[in-house]
Amino acid sequence: MRDPEIEIKGNNALLSETNKSMDIIVNPLIRIEGLNLYIQNNHVLKDINLTIPDKSITCIIGPSGCGKTTLLRTLNRLHDDSKEIKIEGKVFVDGVNIYDRGVEVINVRKKMGLLAQRPCPLPMSIFDNVAYGLRIHGMRRRKLVNQTVIKYLQYVGLWDEVKGRVRTPASRLSIGQQQRLCLARGLAIEPAIILGDEATSSLDPISTKKIEEMFLKLKDQYTIVLVTHTLSQAKRIADHIVFMYMGKIIETGNADQIFNYPKHKLTQDYIKGSFS
Amino acid sequence: MKKIEENIFKFLMILSASLILGVLLFILFSVLKRGLPSLSWDMITKIPSGGFYLGKEGGIVNAILGSVYLIVGAVLLSLAFSIPIVMFINFYLRKKSYLANISRFSFDILFGVPSIVYGAFGFTIMIYFGIKASLLGGMITIAMLIMPILIRSIDEVARLVPNELVEATLSLGATRYEMVKVMIRQLMPGITTAVLLAIGRGIGDAATVLFTAGYSDNIPASLSQPAASLPLAIFFQLGSPVEEVQNRAYASALILTIIILILSFSARYFSKKLSKHKV
């Protein structure tokens, strides 16, 4: 269990009561302040204050419909295109409020790799899937592109499985391989943050295990935020837990603490499996 | 009781299917019967000589090439408008956008407009701009005729693109334009099918080209020259009092049918091949 850098600062007024357990961190990569989100007239996220520890795995857990995915999607502004969604509050990524005017959404998204529920390879070859992000961000030299693609395919353990057929369509890979390809594709643009939206829910147990191992390997270099509704997965890989219920953060803290000594009644019930 | 009902409907379905198939076979049979004897090498390699329509020598290569030029030009022209339109409706506008619904509705209406109306409309515009009946005029008018077909059939597949794919591309930091380019790749099989549908419709239509492309016994050498087309060649030859020329009309119809058949088979081949690259 890795503990984030802890420093108690005098000025913690911005952090809500529930967040005190999630230690106060200096210059965190992701910090959310007073976030409220409305879909039409429904108040979906209610006064979210959250600091996500760097270089560790934070799992957002909670029953279906509690707003986990909605919260995750605010981090890379995937709600931008929905007119009916209104967002108030601040989300700081690397010290910048990403909802400030003048913040370029592309620069925000470049800092994060997103792993969706179902793997979604682009309609091109295995190689081009990984190279795509590099090319749109201006990497032109063929040799460098080749090296980078191979590096990340190796990194996710896909290279040995596909090296003879990197020019074949990515859609021919198995679902588990596709998800690792999507991870390689996301990592290739060198983000600092990895977002996972129930990234293993469509995978078989073996592929799930591989992806989980990847996360454990990646957390030394990346800040990982995962939404999961399998508690066992959170127990296996999470360093920190954010428990949400009905659009509110109920409790946050180290995984050990949340799973063994939950403070809040709702958290206790959820972890015991009284509701899901 | 249920069994009788089942059998009645089964019978009705088989009846209508065989009726349609019978009509199709009858058309093919009569075209083959009268056209095949008149089909010669001259027909597809020579332009009409003087007195061709009275039974003298020559062929209809002017109409074959004219039709091919017209349809290729029209499809390219039409694609240049319809792909951006479909991309805009599906990937720039929001899902329940008012503008998108209005556009879809108006393309549905345009879909049903008879081709002679497009022909007359094209003719009016050409008069306004002082353009004479020409290859270009024909291309533009056929392009208008097939645009609703292209747009609506590409749109149908574009609507099925999973939102996850759009988000996956955007979350890699792609701009909207870069995302749209990925979507075009995704839609390639759908675009191919749409193009082939449009070719089938456009190449066989006589009314659009009647006033706009005109007719000429020569192969058009530039966009401003009038161009012959197969449907009109069939029409003129059928109108001849000479039986031999009438038979040549059937041979021309056979050529048109063969061109459409070749196009449909290649359509199936390409969309099968391209869909392998699809997610």
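1. Some conventions to begin with. This is a predicted model, in which local features need pLDDT of at least 70 and side-chain atom pairs count only at pLDDT 80 or more, while totals for chains, interfaces and linings use all residues. Residues are numbered from 1 along each chain as its sequence is written, with chains lettered from A and ligands numbered from 1 in the order in which they are written.

2. I would start with strand E3 (residues 57–61) of chain A. Helices (H or I, at least four residues) and strands (E, at least two) are DSSP runs, numbered from the N terminus. Five of the five residues of E3(A) are buried, so the strand is largely enclosed by the rest of the structure. Here a residue is buried if 20 or more other C-beta atoms, placed from the backbone, lie within 10 Å of its own. One side of E3(A) carries A:Ile57, A:Cys59 and A:Ile61, and the other A:Thr58 and A:Ile60.

3. What flanks this strand? E3(A) pairs in the parallel sense with strand E8 (residues 223–227) of chain A over four bridges, where pairing takes at least two DSSP bridges between the strands. The partner of A:Ile57 in E8(A) is A:Ile224. Strand E9 (residues 240–245) of chain A also runs parallel to E3(A), joined by four bridges, and there A:Val242 is the bridge partner of A:Ile60.

4. Together with A:Ala184 and A:Ile241, A:Ile60 touches the most other members of the largest nonpolar core, which has 77 residues. Such a core is a set of buried Ala, Val, Leu, Ile, Met, Phe, Trp, Tyr and Cys residues joined through C-beta atoms within 7 Å. Apart from it lies another core, of 54 residues, among them B:Tyr118 and B:Leu210.

5. Helix H1 (residues 68–75) of chain A has six of its eight residues buried, including A:Lys68 and A:Arg73. Just after H1(A), A:Arg77 has a positive phi of about 55°.

6. Between the chains, 23 residues of chain A are in contact with 21 residues of chain B, contact meaning C-beta atoms, placed from the backbone, within 7 Å. Helices H2 (105–110) and H3 (126–136) of chain A each supply at least two residues of that side of chain A.

7. Finally, B:Gln186 lies in helix H8 (residues 176–203) of chain B. Because B:Gln186 has 24 C-beta neighbours inside 10 Å, this residue counts as buried.

Note on methods
Buried ≥ 20, exposed ≤ 12 C-beta atoms within 10 Å, placed from the backbone. Contact = placed C-beta atoms within 7 Å.
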